[in-house]
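Good morning, and thank you for the time.

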Amino acid sequence: MKKLLNVSQSANSIDVALLITRVGVAALMLVHGWPKLEMLFSDGPVQFPAVLGLSATTALALAVFSEVLCSLLILVGLGTRLAAIPLIITMLVAVFVVHGADPFAKQELGLLYLMPYTVLLLTGSGRYSLDYLLLRTVLKPTYVRTLSVQ
């Protein structure tokens, strides 16, 4: 019971929470992005809103880029902070432009996706990610060399 009421967090629990958030939100967004990818490469007409002065095809391509490619990057934790930016923009456009005049129920899903992307932008991917592995590999020799010089 004391653990449930404890407000301090261990670094490991934060890293596990970031892993669960990354994998969960990326997998769920891929469910939305995959049909758009299929629509983009199909022979049929593009059924997508033209927003912000962009053609429907360009808007769809940008949505596919963020919802598929950026979601895959977030899933594995590679360039997480950078990958979160297009997804944040996509959700803002979906909520305030595409569904701006719609009732809150239509805007809610985009707002719900916006929150974990904002958290990932602020926190990064955590220890269980390719970002961590790459930075540890790249920075470790520099850090060791700096300590030995002092």
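Asp15 is found in helix 2. Setting aside residues up to four places away in sequence, Asp15 touches Gly126, Arg127 and Tyr128, contact being heavy atoms within 4.5 Å.

A word on the basis of these values. This is a predicted model, in which local features need pLDDT of at least 70 and side-chain atom pairs count only at pLDDT 80 or more, while totals for chains, interfaces and linings use all residues. Residues are numbered from 1 along each chain as its sequence is written, and side-chain values use heavy atoms, with hydrogens and water left out.

Now the overall fold. The chain has 6 helices and 0 strands; helices (H or I, at least four residues) and strands (E, at least two) are DSSP runs, numbered from the N terminus. The radius of gyration is 19 Å, well over the 15 Å that the globule rule gives for 150 residues, so the chain is more spread out than a compact globule. That radius is taken over C-alpha atoms, and the rule is 2.2 Å times the number of residues to the power 0.38. Along its principal axes, the C-alpha trace spans about 60 × 45 × 25 Å. Of the 150 residues, 29% are buried. Among contacts with a separation of 6 or more, 67% are made by residues 24 or more positions apart.

Helix 5, residues 104–123, has 20 residues and should span 28 Å; its end C-alpha atoms are 28 Å apart, in agreement. Among its buried residues are Gln107, Tyr113, Leu114 and Tyr117. The buried residues of helix 5 pack against helix 2, helix 3 and helix 4. Just after helix 5, Gly124 takes a positive phi of about 85°.

Another positive phi deserves attention. Most residues other than glycine have a negative phi. Leu52, although not a glycine, has a positive phi of about 50°. Leu52 sits in the loop between helix 2 (11–40) and helix 3 (56–76), and is exposed, with a relative accessible area of 61%. Leu54 lies in the loop between helix 2 and helix 3 as well, but counts as partly exposed at 31% relative accessibility. Beyond its neighbours within four places in sequence, Leu54 is in contact with Ala59 and Leu62.

Finally, which residues does Leu130 contact, leaving aside its neighbours within four places in sequence? They are Val76, Gly77 and Leu78. Leu130 belongs to helix 6, residues 130–149, and is partly exposed at 36% relative accessibility. Leu130 and Leu75 are 55 residues apart in sequence and 9.8 Å apart in space, C-alpha to C-alpha.

Definitions and conventions:
Buried < 20%, exposed > 50% of the residue type's maximum accessible area, 1.4 Å probe, protein only. Expected span 1.5 Å × (residues − 1).
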